[in-house]
Amino acid sequence: MSNFRSSVRDGIRTRVVAPVRTMGWRVLGEVPAPAAPPAATGGTPPLPAGGAKGSKPTNNPWIGLRKHGLRIQPGLGFFGAGPGHIKVRFEPPAQLNNTTMHVYRDIAIGRYSFLRSGRIRYIDTIGRYTSIGPDVTIGEGEHPVTWLTSSPAVHDAKRFRYYPPEADSKPRTIKRHEGNIDPKTMQNATIGNDVWIGANALIRRGVTIGDGAIVAAGAFVNKDVEPYTIVGGLPAKVIGKRFSDEIIERLLELKWWEFDVADLPGVDFDDIEKAIEQITERERAGEISRVPVTYDEVVISRKGYRSLVIAPLNAERARTRIERLKQAE
């Protein structure tokens with residue numbers, strides 16, 4: 001049985017690799033188990049446990065993902081993740097954390113973006129080339145402020161059911177909806193491309209951080225941030241813009257993050273006008289092309305990872321870059 005399936009996107013039929021699911025969590029340090037033979041009806045044998053034969057044990061159950069472009073460090077927590085695992089969609093390379101980080105739900109993160117530590121809850125996507133500093137909170141849960149009480153005892157009573165008498169709390173639970181609370185408390189945050197969020201910032205649910213924006217350390221962001229705008233304070237207010245309106249307009253038209261920085265050697269990134277001109281000219285000459293957003297995906301838990309799916313486009317780009325490195329040696 002083939003492990004390929006067809007997909008139709010934007011009217012174009014493509015052939016993509018179907019998920020190959022492991023029989024258990026992959027943890028580095030385990031000796032690979034012999035692969036079971038395919039079933040009589042055909043099929044793909046399960047992947048062996050992670051880790052090369054003879055490799056030293058490690059306290060990082062996700063280290064095997066680095067070769068696929070996803071960096072996850074010990075300290076990652078899964079509070080509120082229901083079954084105790086989440087799905088990560090990522091464009092390689094990307095970093096989910098480098099120290100203590102709590103992620104509540106599935107997450108999508110773009111190429112060359114990284115997070116360090118903090119709490120990530122209600123969020124849709126994190127774009128490409130985005131830098132998120134330590135102890136940042138994005139999309140944390142909120143409470144009603146115009147009701148008789150802000151306590152979850154009347155809108156999320158199940159959290160108290162560890163106490164046996166609370167088993168009958170359902171009748172008093174009031175469902176939250178956009179008619180009785182601030183609509184933003186029901187929406188997810190969105191982080192654009194080329195965004196920098198400083199340490200200890202707090203991004204409210206429903207907020208969109210525009211492409212190229214900067215959020216100062218310690219800011220509380222409760223409103224959308226326009227592209228290439230710098231905000232800071234409690235609550236966050238506009239400090240200024242990174243560039244002139246003319247340059248910002250050109251940047252938003254160029255959307256340079258649609259290119260892979262690995263394809264842009266020699267670009268004068270430290271001179272904004274030259275960089276715009278150089279990238280524009282290279283695209284016009286056909287020397288570079290845009291890379292569509294294409295996620296790999298994996299399911300991770302405290303035990304390790306499974307159900308890793310590598311998109312053909314990302315696999316091909318990785319092979320091409322490795323071959324280029326070998327030729328340069």
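The following conversation goes through a predicted model of a protein chain.

Reader: What does the secondary structure of the protein chain come to?

Author: The chain has three helices and 23 strands. This is a predicted model.

Reader: How much of the chain counts as buried, and what is its accessible surface?

Author: Of its 329 residues, 40% count as buried. The accessible surface comes to about 18,300 Å², and carbon and sulfur atoms contribute 54% of that.

Reader: What share of the contacts with a separation of 6 or more joins residues 24 or more positions apart?

Author: That share is 41% in the protein chain.

Reader: Turning to the sheets, which strands form the open sheet, and in what order?

Author: Six strands form the open sheet, in the order 4-7-10-13-16-19, and their pairing is parallel. Strand 4 (76–77) and strand 19 (220–221) stand at the edges with a single partner strand each, so one side of each has no neighbour in the sheet.

Reader: How many bridges join strand 7 to strand 10?

Author: Strand 7 (residues 101–103) and strand 10 (residues 118–120) run parallel and are joined by three bridges. For His102, the bridge partner in strand 10 is Arg119.

Reader: And how do strand 22 and strand 23 pair, parallel or antiparallel?

Author: Strand 22 (residues 296–301) pairs with strand 23 in the antiparallel sense, over three bridges. Val299 has Arg306 of strand 23 as its bridge partner. The two strands form a hairpin with three residues between them, and Gly304 in the turn has a positive phi of about 155°.

Reader: How many residues of strand 23 are buried?

Author: Four of the five residues in strand 23 (residues 305–309) are buried, so the strand is mostly covered.

Reader: A change of topic: how many aromatic pairs does the count come to?

Author: The count comes to four aromatic pairs. In one of them, the rings of Tyr112 and Tyr129 have centres 5.4 Å apart and planes at 10°, so this pair is stacked.

Reader: Where do Tyr112 and Tyr129 lie?

Author: Tyr112 is in the loop between strand 8 (107–109) and strand 9 (114–115), while Tyr129 is in the loop between strand 11 and strand 12, so the pair ties together parts 17 residues apart in sequence.

Reader: Is Tyr112 buried or partly exposed, and what about Tyr129?

Author: Tyr112 is partly exposed, because its relative accessible area is 26%. Tyr129, at 10% relative accessibility, counts as buried. Tyr129 also forms an aromatic pair with Trp256, which is tilted, at 4.5 Å centre to centre and 40° between the planes. Trp256 lies in the loop between helix 1 (245–254) and helix 2 (272–284), so this pair ties together parts that are 127 residues apart in sequence. Trp256 is buried, as is Tyr129.

Reader: Which residues form the aromatic cluster?

Author: Tyr112, Tyr129, Trp256 and Phe269 form one cluster.

Reader: What sits over the ring of Tyr122?

Author: The charged end of Arg205 sits over that ring, 3.5 Å from its centre.

Reader: Lastly, where does Thr130 lie, and is it buried or exposed?

Author: Thr130 lies in the loop between strand 11 (123–126) and strand 12 (131–132). Thr130 is buried, because its relative accessible area is 0%.

Reader: What does its side chain reach?

Author: The side chain of Thr130 reaches the backbone oxygen of Gly192 at 2.8 Å. Setting aside neighbours within four places in sequence, Thr130 is in contact with several residues, among them Tyr112, Phe114, Ile191 and Asp194.

Notes:
Residues numbered from 1 in each chain as written. Predicted model: local features only at pLDDT ≥ 70, side-chain atom pairs only at ≥ 80, totals over all residues. Heavy atoms only, no water. Buried < 20%, exposed > 50% of the residue type's maximum accessible area, 1.4 Å probe, protein only. Polar contact = N/O pair within 3.5 Å; in protein donor to acceptor, adjacent residues only side chain to side chain. Contact = heavy atoms within 4.5 Å. Areas by Shrake-Rupley, 256 points an atom, 1.4 Å probe, with all protein chains shown as cover. Pairing = 2+ DSSP bridges. Phe/Tyr/Trp six-rings, centres within 6.5 Å; stacked < 30°, edge-to-face > 60°. Lys NZ or Arg CZ within 6 Å of the ring centre and 35° of its normal.
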